[in-house]
Amino acid sequence: MYQTLLEGHSFIRWLVLVSLLCSIYIAYKGYSQKLPFTKKANLFRHWTATIAHIQLLFGILVYLQSPIVKYFWRNFKHEVQNLDASFFGIIHIALMLIAIIIITIGSALSKRRKTDAEKFKTMLVWFLIALFIIFIAIPWPFSPLASRPYFR
């Protein structure tokens with residue numbers, strides 16, 4: 001079960017990134033060109049947050065089943081100095097939780113803004129911040145924090 005959850009979590013990462021990038025593009029284009037906040041823009045905002053929440057659920061399940069995380073917490077005093085174990089035990093989950101919270105707040109605030117320009121700007125700023133945090137927290141093959149393949 002753990003391997004299936006991990007593969008699902010790895011796959012959904014790409015959906016999160018694609019939806020965030022599309023939403024950021026739509027928000028930038030809408031804000032810079034003073035476009036109306038259409039149903040399409042609203043759907044991208046909504047689905048980006050939804051996909052991020054699905055990823056969070058997968059991530060929590062992976063975290064609870066992970067042998068690396070279990071080992072980290074059983075040997076905390078020693079493993080806290082191990083960057084790879086610390087990354088998955090604390091750093092990854094903390095940064096991803098923060099990013100999902102930012103996406104959720106940005107989505108909710110954007111939906112409640114009065115003008116189209118405010119909706120686009122809010123979505124753009126909050127989603128860009130979340131994207132930056134997510135890029136740091138993903139264990140890319142080139143990451144100095146923890147290295148994992150692009151695809152499982």
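1. Let's start with α2: its 27 residues run 39 Å from the first C-alpha to the last, close to the 39 Å expected at 1.5 Å a residue. Keep in mind while reading that this is a predicted model.

2. Which residues of α2 are buried? They are Ala41, Arg45, Thr48, Ala49, Ile51, Ala52, Gln55, Gly59, Val62 and Tyr63. As for what lies over them, the cover includes α1, α3, α5 and α6 (116-137).

3. Next, the record. The unreviewed UniProt entry carries the annotation "transmembrane region" for residues 12-31, 43-65, 85-110 and 122-142. In the model, residues 43-65 are 100% helix and 0% strand, with 33 Å between the end C-alpha atoms. Residues 12-31 also come out as 100% helix and 0% strand, and here the end C-alpha atoms sit 28 Å apart.

4. Now the largest pocket, which holds about 620 Å³ of space. Its lining counts 29 residues, and those nearest the centre are His9, Val62, Phe88, His92 and Pro139.

5. The largest share is that of α1, with 7 residues. By type, the lining of the largest pocket splits into 20 nonpolar, 6 polar and 3 charged residues.

6. On to the loops. Lysine 34 is in the one between α1 and α2. Is lysine 34 buried or exposed? It counts as exposed, because its relative accessibility is 73% and the cut-off for exposed is over 50%. Its backbone deserves a glance too: phi is near 55°, a positive value in a residue other than glycine. For background, most residues other than glycine have a negative phi.

7. Arginine 113 belongs to the loop between α5 and α6. Why does arginine 113 count as partly exposed? Its relative accessibility is 32%, and partly exposed lies between the under 20% of buried and the over 50% of exposed.

8. What does arginine 113 touch, leaving aside neighbours within four places in sequence? Its contacts are Glu118, Lys119 and Thr122. Thr122 also falls in the annotated span 122-142 from the UniProt entry.

How values were computed
Residues are numbered from 1 along each chain as its sequence is written. This is a predicted model: local features need pLDDT of at least 70, side-chain atom pairs count only at pLDDT 80 or more; totals for chains, interfaces and linings use all residues. Side-chain values use heavy atoms; hydrogens and water are left out. On a 1 Å grid over the protein atoms alone, a cavity is a set of points where a 1.4 Å probe fits but cannot get out, and a pocket is an open set with protein on both sides within 12 Å along at least five of seven lines; lining residues have an atom within 4 Å of a point. Grid points are joined across faces, edges and corners, and a volume is the space filled by probe spheres set on the points. Helices (H or I, at least four residues) and strands (E, at least two) are DSSP runs, numbered from the N terminus. Ala, Val, Leu, Ile, Met, Phe, Trp, Tyr, Cys and Pro count as nonpolar, Asp, Glu, Lys and Arg as charged, and the others, Gly among them, as polar. UniProt positions are given in the numbering used here, feature names are shortened, and annotations may be inferred rather than shown by experiment. The expected span of a helix is 1.5 Å times one less than its number of residues. Buried means under 20% relative accessible area, exposed over 50%, partly exposed in between (1.4 Å probe, protein chains only). Contact means heavy atoms within 4.5 Å.
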